[in-house]
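The following note is intended for a colleague who will work with this model. Its points are numbered so that each can be checked against the coordinates in turn.

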Amino acid sequence: MTRVMHYINQFFGGIGGEDKAEYPLTVTAGTLGPGRLLAGKLGDAGTIVATIVCGDNTAQYSPEHIKQEIVALLEQYEADILVAGPAFSSGRYGLACAEAAEAAQIYGIQSVVGMHPENPGIDLCPADVMIVKAGESAVDMAASMEHLCRVLVRQAAGEPLGSEELAYCIKRDIRCNTASRKKGATRAVDMLLTKIGGGKFESEQLPPHFSRIEPAPPIEVPLSKIALVSTGGLVPKGNPDRLEASSATKWVSYSIAGRASLTPEDFECIHGGIDVTHINAYPNRLIPLDICSEFRAKGLIGALDDEYYVTVGNLTPVARAEQFAIELTARFREKEVHGVLLTSS
Amino acid sequence: MNLATAPRVRSNLVHQLELYNYTVRDLRLGEETNWAEGVLTVNAEALKKHLIAEAGVRRMGIAVARPGESARIVNILDAIEPRVKPDNGQIFPGFLGAMDGTVGRGVTHALNGCAVLICGSVPGEVASQVVSEAMVDMTGPGARYSPFSRTRNLILWCDFYDDHDPVKRVSVARYAGLLAARWLAAATLDHAPDEIRIYGVPENNSSPKKQVPQVVYICPGMLLSDLHQTFLSGSALTSTPTVVHPTQLMDGLLVSGNYDIGATRNPTYLYQRSPIVEELFSYQEKGLLSFMGVIVTKCLIEGFFGKQRSAYLAAQTARLLDADGVVISIEECGHAYADQMLTCQACEEMGVKTVLIMAESAGATGAKPGPIAFAEAADAVISVGNMDEVVSLPAVEAIYGGPWSCGRWMMERMALEAMETPLANIFAATSQMGAGRLKGETR
């Protein structure tokens with residue numbers, strides 16, 4: 001029988017309201033609070049082996065620590081799947097449920113979470129976690145739990161969700177693979193003939209949504225400190241930090257203090273998605289230290305940062321690239337860098 | 001042998017090719033190489049000798065893997081369908097002989113349902129480019145993805161000379177694979193085929209115009225480095241589009257020299273038996289369209305000006321071929337999609353309707369945003385699936401192509417064992433030539 005771990009907050013755990021939001025993470029064997037309703041609906045499909053209760057503030061103060069504790073409990077109780085919530089529209093409870101789902105992912109099991117479609121916790125849930133639509137408040141408990149249970153049973157059995165269960169879930173804009181009746185080539189020719197004939201057709205891929213970034217206000221370059229940044233993978237010969245040729249997990253920085261140019265003797269390009277011959281022959285083609293030094297000498301650039309910063313853009317997920325940007329921006333503020341020259345491969 | 005007894009279809013087509021299909025029901029190793037009643041028997045020693053002498057391979061392992069067997073093939077460089085042309089006709093022009101008027105015309109013998117899988121370990125980098133993994137499972141969940149899980153495969157496992165660099169290794173393997181394909185198909189030369197299919201494009205002005213839509217296939221191949229290229233009659237593709245007869249692809253006019261991401265490579269086999277070409281011919285036979293030709297071009301073109309040049313030249317060529325619509329495939333990913341999207345934009349601007357075929361790289365969880373480039377005009381895009389999806393493969397009993405798996409996603413375990421791998425490592429799993437049934441969906 002599927003062993004279910006249930007995560008709830010201090011309110012649903014019967015500890016108390018806002019005044020008990022600092023309640024520490026505790027575990028109780030078996031069901032507690034709304035878990036009883038879930039257990040009834042689950043019947044023979046699964047058993048709730050334990051319930052974790054945690055204060056909403058506690059979960060926010062030290063999320064990494066809380067996640068570790070949850071992982072340890074999942075292991076202790078040999079849980080097969082985790083259920084969190086439903087959190088309804090309670091924001092902090094939603095964030096805590098997302099944390100619990102992340103812990104389940106770290107431990108390597110699936111999870112099902114219940115939330116109102118506007119709960120901010122949705123954005124923090126791991127991408128492949130199914131979030132069942134819940135009402136605004138506990139008034140909707142019975143229906144929310146019913147839907148959550150149906151999704152849970154399917155997930156626990158390792159079955160794909162049917163259209164009915166999918167309708168219970170919040171659409172997450174996640175792409176998944178399915179098997180089509182027809183080959184890709186056949187679908188292409190069918191779609192083309194429909195399109196030429198003026199008929200209706202449905203594209204299988206839509207344009208991606210990238211967030212728009214408002215440009216920062218202009219700066220006076222001759223009065224500014226400029227940093228050289230690149231996604232082109234230029235590293236000191238031998239790649240001392242093992243920067244990845246694709247799907248980079250980090251950015252690195254290297255001193256250019258006292259250099260007026262990046263020489264082929266000292267630097268090489270390890271980017272895996274381009275022909276690097278021309279960069280390796282003259283690395284300034286990727287990171288233009290030669291021209292920038294010249295401009296600096298002429299006073300066209302106020303100052304140059306004493307390091308250059310580099311990662312590899314090749315197949316690196318956007319979310320990770322955004323994280324790099326946040327870290328780099330903090331570093332630039334610290335070093336009082338006013339502007340960045342960003343070059344790609 | 002009386003070929004006149006074989007079934008025949010007649011039609012009014014130009015640049016007509018009669019494809020003699022010999023459907024391989026079983027593939028075996030044996031004393032003698034011959035073709036008899038659907039069974040291809042291969043004398044491995046003789047083939048080995050031929051390839052070592054002609055192609056410069058140091059040693060070669062030869063094995064057979066059939067659908068349903070507990071076998072995994074790794075280090076795959078290319079797949080080729082065995083084909084030969086009688087009467088001194090040229091197959092794989094530019095490699096095995098000079099291009100001439102026989103390419104795409106006359107008769108071609110094909111061992112249908114059979115593939116030569118040329119394998120070899122090619123470690124090392126050339127200008128930071130590497131040979132990536134491409135593997136095929138013959139059974140289990142992995143076998144759902146590759147078209148080569150369904151073919152009877154003759155595996156040629158090359159061992160190279162130590163002083164052969166990666167570029168030399170892949171070119172030796174490429175030549176060996178093509179030689180083997182012709183050598184094997186030669187076993188059918190005195191036999192009647194199971195089926196004769198006649199292919200060709202409609203004669204100009206032979207039929208009242210515009211009764212049915214006129215369709216062109218735009219086929220970009222990868223060209224980035226000496227390890228990632230495509231050959232048209234032996235020469236690397238250029239970004240100047242070239243019009244070819246679809247029947248010429250069937251005679252091996254295009255040969256893959258691309259060893260990048262396994263799932264999105266266009267293997268030679270899929271040029272010879274191109275799913276898009278086959279569909280367009282089949283719809284033409286049904287009287288639903290006229291197949292006007294194939295425009296071969298290159299993807300991963302340097303610089304925006306270069307990309308625009310190629311896109312507009314391809315679109316204008318399609319227009320000159322009087323196309324109402326085009327199917328645009330692609331090879332590999334990244335900025336290849338910029339080439340595909342610009343070509344789509346240019347075609348639509350010129351009034352040529354487009355459908356694109358693309359794989360997705362949406363991350364293991366499917367949450368990563370779509371391709372780097374997406375034209376406004378691209379309103380009809382086929383998704384052949386997310387190549388980042390992770391699949392669990394069970395342990396297998398037999399491993400071919402090397403004890404270890406190499407490539408960009410170095411797998412640090414015996415290839416025999418159970419493993420988790422992104423689809424990206426499974427050969428042609430998300431083929432953008434439309435060979436598979438996989439499809440991406442938003443959940």
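**Notes on the predicted model**

1. Between chain A and chain B there are 3 salt bridges. In one pair across the two chains, B:Glu348 and A:Lys195, the closest N and O atoms lie 2.6 Å apart. Please bear in mind throughout that this is a predicted model.

2. Polar contacts across the interface of chain A and chain B amount to 27 residue pairs, with both residues at pLDDT 80 or more. On the chain A side, β7 (175-179) and α8 (184-196) each supply at least two residues that touch chain B. Helix α8(A) gives the most to that side, with 12 residues.

3. In terms of contacts, 50 residues of chain A meet 57 residues of chain B. The two chains bury about 4,800 Å² between them, and 60% of this area is on carbon and sulfur atoms. The residues of chain A that lose the most area to chain B are A:Arg175, A:Asn177 and A:Gln205, which together account for 16% of what that side buries.

4. Over all chains, the structure holds 37 salt bridges. One of them joins the side chains of A:Asp305 and A:Lys225, at 3.9 Å from N to O. A:Asp305 lies in strand β12 (residues 303-310) and A:Lys225 in strand β8 (residues 225-230) of chain A, so this pair ties together parts that are 80 residues apart in sequence. A:Asp305 is buried, at a relative accessible area of 3%.

5. In chain B, a salt bridge connects B:Glu285 and B:Arg197, with 3.4 Å between the closest N and O atoms. This pair links distant parts of the chain, 88 residues apart: B:Glu285 is in helix α5 (residues 275-285) and B:Arg197 in strand β13 (residues 195-202). B:Glu285 counts as exposed at 52% relative accessibility, whereas B:Arg197 is partly exposed at 25%. Returning to chain A, salt bridges with shared partners join A:Lys225, A:Asp305, A:Asp306, A:Glu307, A:Arg331 and A:Lys335 into one network.

6. A further pair in chain B is B:Glu81 with B:Arg83, a salt bridge whose closest N and O atoms are 2.7 Å apart. Both B:Glu81 and B:Arg83 are buried.

7. The largest nonpolar core has 111 residues, of which B:Ile73, B:Leu117, B:Phe148, B:Tyr217, B:Val294 and B:Val326 touch the most other members. Helix α7 (residues 336-349) of chain B gives the most to this core, with 8 residues. Leaving aside residues up to four places away in sequence, B:Leu117 touches several residues, among them B:Ile73, B:Phe148, B:Leu154 and B:Phe427. A second, separate core of 58 residues includes A:Val4, A:Ala96, A:Ala134 and A:Met141.

8. How many disulfides does the structure hold over all chains? The count is 0. A:Cys169 is in no disulfide, and the nearest cysteine sulfur, in A:Cys125, is 11 Å away; A:Cys169 is also buried, at 5% relative accessibility. For B:Cys333, the closest cysteine sulfur is that of B:Cys299 at 10.0 Å, which is too far for a bond. B:Cys333 is buried as well, with a relative accessible area of 10%.

9. Two loop positions in chain A may be inspected. A:His116 sits in the loop between β5 (110-115) and α5 (121-124) and is buried at 14% relative accessible area. Its contacts beyond four places in sequence include A:Phe88, A:Ile122, A:Glu136 and A:Ile170. A:Thr263 is in the loop between β10 (252-255) and β11 (267-269) and is partly exposed at 23%. A:Thr263 and A:Pro283, 20 residues apart in sequence, are 6.3 Å apart from C-alpha to C-alpha.

Notes. Residues numbered from 1 in each chain as written. Chains lettered and ligands numbered in written order. Predicted model: local features only at pLDDT ≥ 70, side-chain atom pairs only at ≥ 80, totals over all residues. Heavy atoms only, no water. Disulfide = S-S within 2.5 Å. Buried < 20%, exposed > 50% of the residue type's maximum accessible area, 1.4 Å probe, protein only. Core = buried A, V, L, I, M, F, W, Y, C linked by side-chain atoms within 4.5 Å. Helix = DSSP H or I, 4+ residues; strand = E, 2+ residues; numbered from the N terminus. Contact = heavy atoms within 4.5 Å. Buried area = accessible area lost by both parts, 1.4 Å probe. Salt bridge = Lys/Arg side-chain N within 4 Å of Asp/Glu carboxyl O. Polar contact = N/O pair within 3.5 Å; in protein donor to acceptor, adjacent residues only side chain to side chain.
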